[in-house]
Amino acid sequence: GFEVKSSGDGFLMAFRAAVPAVDFGSAVVRDPGDPTLRVRAGVHVGPVIVEGGDVQGAAVSYAARLMDQARSGGLRISDEVKGHLDQERAVRHAHLSWRRKPEVQLRGFPGPQVVWELREEAARP
C-alpha cells in the first residue's frame, strides 16, 4: 500500500487488495510504534476515482465512516472485506478474531450496515 495523503493526525492509505490493507491495519493497531499511541482504522474495498495523486469516491467515504466507528485501538472492516478474508483463508489471519456488528448506521449510507470489528484480544497478542 501507499500513503495517499495525511490530514492532521490521520492518514489515507490505498492498497491494491483488501487482504494487505487488513494486514497493515491490524499490524498498526497492534503496534503503532509508541506505547502511548492508540490507532483506529477502517478498511473497505471498492472502486475509487484517482485524480492528481488523490483518491475519491464512495469506497473512500465508507472506509472513513468505518474508521469513525472504530474504538481507539480498533479496526473495523466492511462485510465485503470480510468476504475477501474468508475467501483468502490465509494462515497469517488465523489469529484474528472478528465480532459481527449487523446494525451499524454509517452517515451517508442508507440503512443498517454489516461491519466487523477486530476483537481486542486478537489485536493485542
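The following questions and answers walk through a predicted model, from its sheet to its helices and then to its salt bridges.

Residues are numbered from 1 along each chain as its sequence is written, and side-chain values use heavy atoms, with hydrogens and water left out. In this predicted model local features need a pLDDT of at least 70 and side-chain atom pairs count only at pLDDT 80 or more, while totals for chains, interfaces and linings use all residues.

Trainee: In what order do the strands of the open sheet of 4 strands lie?

Mentor: Strands are DSSP runs of E with at least two residues, helices are DSSP runs of H or I with at least four residues, and both are numbered from the N terminus. Two strands pair if DSSP finds at least two bridges between them. With mixed pairing, the open sheet of 4 strands has the order β3-β6-β8-β7.

Trainee: Which strands of this sheet stand at the edges, and why is one side of each left without a neighbour?

Mentor: Each edge strand has a single partner strand, so one side of it has no neighbour in the sheet. The strands in question are β3 (41-43) and β7 (98-106).

Trainee: By what angle are neighbouring strands of this sheet turned against each other on average?

Mentor: Axes are lines fitted to C-alpha atoms, for helices over the stretch in contact, and angles run from 0 to 180 degrees between N-to-C directions. For this average between neighbouring strands the direction is ignored, and the value is 30°.

Trainee: How many bridges join β7 to strand β8?

Mentor: Strand β8 covers residues 109-118, and it runs antiparallel to β7. Within this pairing valine 104 stands opposite glutamine 113 in β8. The number of bridges that join β7 to β8 is 6.

Trainee: What angle does the direction of helix α1 make with that of β6?

Mentor: Helix α1 (residues 18-30) packs on the sheet and touches β3, β6 (75-78), β7 and β8, where contact means heavy atoms within 4.5 Å. The angle between the direction of α1 and that of β6 is about 165°.

Trainee: And what angle does the direction of helix α2 make with that of β8?

Mentor: Helix α2 (residues 58-69) also packs on the sheet, touching β3, β6, β7 and β8. Its direction makes an angle with that of β8 of about 60°.

Trainee: Within what arc do the buried residues of α2 fall?

Mentor: Buried means under 20% relative accessible area, exposed means over 50%, and partly exposed lies in between (1.4 Å probe, protein chains only). The buried residues of α2 are Ala59, Tyr62, Ala63, Arg65 and Leu66. They line one face of the helix, because, seen down the axis of α2 and taking the directions from that axis to the C-beta atoms, they fall within an arc of 160°.

Trainee: Within what arc do the buried residues of α1 fall?

Mentor: In α1 the buried residues are Ala18, Val19, Ala21, Val22, Gly25, Ser26 and Val29. Seen down the axis of α1, these residues line one face of the helix, because they fall within an arc of 155°.

Trainee: Which residue in the turn between β1 and β2 has a positive phi?

Mentor: Strand β1 (residues 2-7) and strand β2 (residues 10-14) pair in the antiparallel sense over 5 bridges, and serine 6 stands opposite phenylalanine 11 in β2. The two strands form a hairpin with 2 residues between them, and the residue in the turn with a positive phi, of about 60°, is glycine 8.

Trainee: Is glutamate 117 buried or exposed?

Mentor: Glutamate 117 has its place in strand β8. Leaving aside neighbours within four places in sequence, its contacts include Arg71, Leu75, Ser97 and Trp98. With a relative accessible area of 3%, glutamate 117 is buried.

Trainee: How many residues apart in sequence are the parts tied together by arginine 76 and glutamate 117?

Mentor: A salt bridge is a side-chain nitrogen of Lys or Arg within 4 Å of a carboxyl oxygen of Asp or Glu, and the side chains of arginine 76 and glutamate 117 meet in one (3.3 Å, N to O). Arginine 76 lies in strand β6 and glutamate 117 in strand β8, so the parts that this pair ties together are apart in sequence by 41 residues.

Trainee: Which residues do salt bridges that share partners join into one network?

Mentor: Arginine 99, which is partly exposed at 29% relative accessible area, forms a salt bridge with glutamate 117, the closest N and O atoms being 3.1 Å apart. Glutamate 117 also forms a salt bridge with lysine 101, the closest N and O atoms being 3.7 Å apart. Salt bridges that share partners make one network of Arg76, Arg99, Lys101 and Glu117.
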